[in-house]
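Hi there,

Here is the structure I promised to pass on to you. Please open it first, and then read my notes below.

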Amino acid sequence: MAPLFSRSSLQFACHLRDWPTDRALEPHLQICLAPENQSAQDIADGILVARLLAVLPGEPDLRASWLLACHEGEVHMRDVIAFRLDRSANEFEIRLCAALVSAAVRIVDETISLAAIVHGQVLSAEEVIERLANAIRTASTLPFCDPVPPDPFGDRRTMVTEASR
């Protein structure tokens with residue numbers, strides 16, 4: 001299950017890496033997470049991940065794999081936040097924000113999975129996206145969720161990539 005969890009985490013990270021700096025979080029998530037923009041395999045994997053997350057409380061080995069995948073996502077979240085704020089991914093504030101946001105995403109994933117699989121609750125894609133965006137905004141200690149001013153020198157991506165190596 002570790003590769004499936006890892007793939008899910010990395011896929012979300014890729015969605016965030018493609019986030020244009022002139023767009024706020026909510027419209028970006030609405031576009032990249034819309035069901036019509038998902039492949040059949042992505043949807044099937046998402047359902048399987050939800051089923052696995054629903055049994056985490058009774059499966060410590062599965063939980064360990066899930067938490068490792070979440071940590072991978074946190075590392076990528078650092079890069080996203082650093083890029084959007086034109087800062088180093090190694091800064092304490094960036095790392096702290098990424099950890100908090102990643103924990104919020106994990107809790108949303110776990111909560112929605114339990115609600116759907118164990119309790120039979122049906123949430124629309126819009127509701128899931130709204131809860132995810134709200135959790136990210138609530139957990140964020142830095143202002144990266146809104147559009148960021150353009151980089152007048154055009155070297156934001158280069159500087160952040162080099163700084164996080």
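**Salt bridges**

The structure holds 10 salt bridges, where a salt bridge is a side-chain nitrogen of Lys or Arg within 4 Å of a carboxyl oxygen of Asp or Glu. Before you go on, please note that this is a predicted model, in which local features need pLDDT of at least 70 and side-chain atom pairs count only at pLDDT 80 or more, while totals for chains, interfaces and linings use all residues. Residues are numbered from 1 along each chain as its sequence is written, and side-chain values use heavy atoms, with hydrogens and water left out.

One of the salt bridges joins Asp42 to Arg7, with the closest N and O atoms 3.0 Å apart. Asp42 lies in helix 3 (residues 40-54) and Arg7 in helix 1, so this pair ties together parts that are 35 residues apart in sequence. Helices here are DSSP runs (H or I, at least four residues), numbered from the N terminus.

Are these two partners buried or exposed? Asp42 is buried, with a relative accessible area of 16%, and Arg7 is partly exposed at 37%. Buried means under 20% relative accessible area, exposed means over 50%, and partly exposed is in between (1.4 Å probe, protein chains only).

Next, look at Glu74 and Arg78, which form a salt bridge with the closest N and O atoms 4.0 Å apart. Being 4 residues apart in helix 4, Glu74 and Arg78 are separated by about one helical turn. Both Glu74 and Arg78 are buried.

Asp146 and Arg137 also meet through their side chains in a salt bridge (2.7 Å, N to O). Asp146 is partly exposed, with a relative accessible area of 37%, and Arg137 is partly exposed at 30%. Elsewhere, salt bridges that share partners join Arg7, Asp42 and Asp45 into one network.

**Aromatic pairs**

How many aromatic pairs does a search of the whole structure find? It finds 2. Rings of Phe, Tyr and Trp (its six-membered ring) pair if their centres lie within 6.5 Å; planes under 30 degrees apart count as stacked, over 60 as edge-to-face and the rest as tilted.

Phe5 and Trp66 form an edge-to-face pair, 5.2 Å centre to centre with 65° between the planes. Phe5 lies in helix 1 (residues 2-17) and Trp66 in helix 4 (residues 60-85), so the pair ties together parts that are 61 residues apart in sequence. Phe5 counts as buried at 0% relative accessibility, and Trp66 counts as buried at 4%.

Trp19 and Phe144 form an edge-to-face pair too, 6.0 Å centre to centre with 70° between the planes. This pair links distant parts of the chain, 125 residues apart: Trp19 is in the loop between helix 1 and helix 2 (25-32), and Phe144 is in the loop between helix 6 (125-139) and helix 7 (156-163). Trp19 is buried, with a relative accessible area of 3%, and Phe144 is buried at 1%.

Trp19 has another neighbour to look for: the charged end of Arg84 sits over the Trp19 ring, 3.6 Å from its centre. A charge sits over a ring if NZ of Lys or CZ of Arg is within 6 Å of the ring centre and within 35 degrees of the ring normal.

**On the surface**

Finally, turn to Phe92, which is found in helix 5 (residues 92-117). Phe92 is exposed, with a relative accessible area of 59%.

Happy exploring!

Terms used
Helix = DSSP H or I, 4+ residues; strand = E, 2+ residues; numbered from the N terminus.
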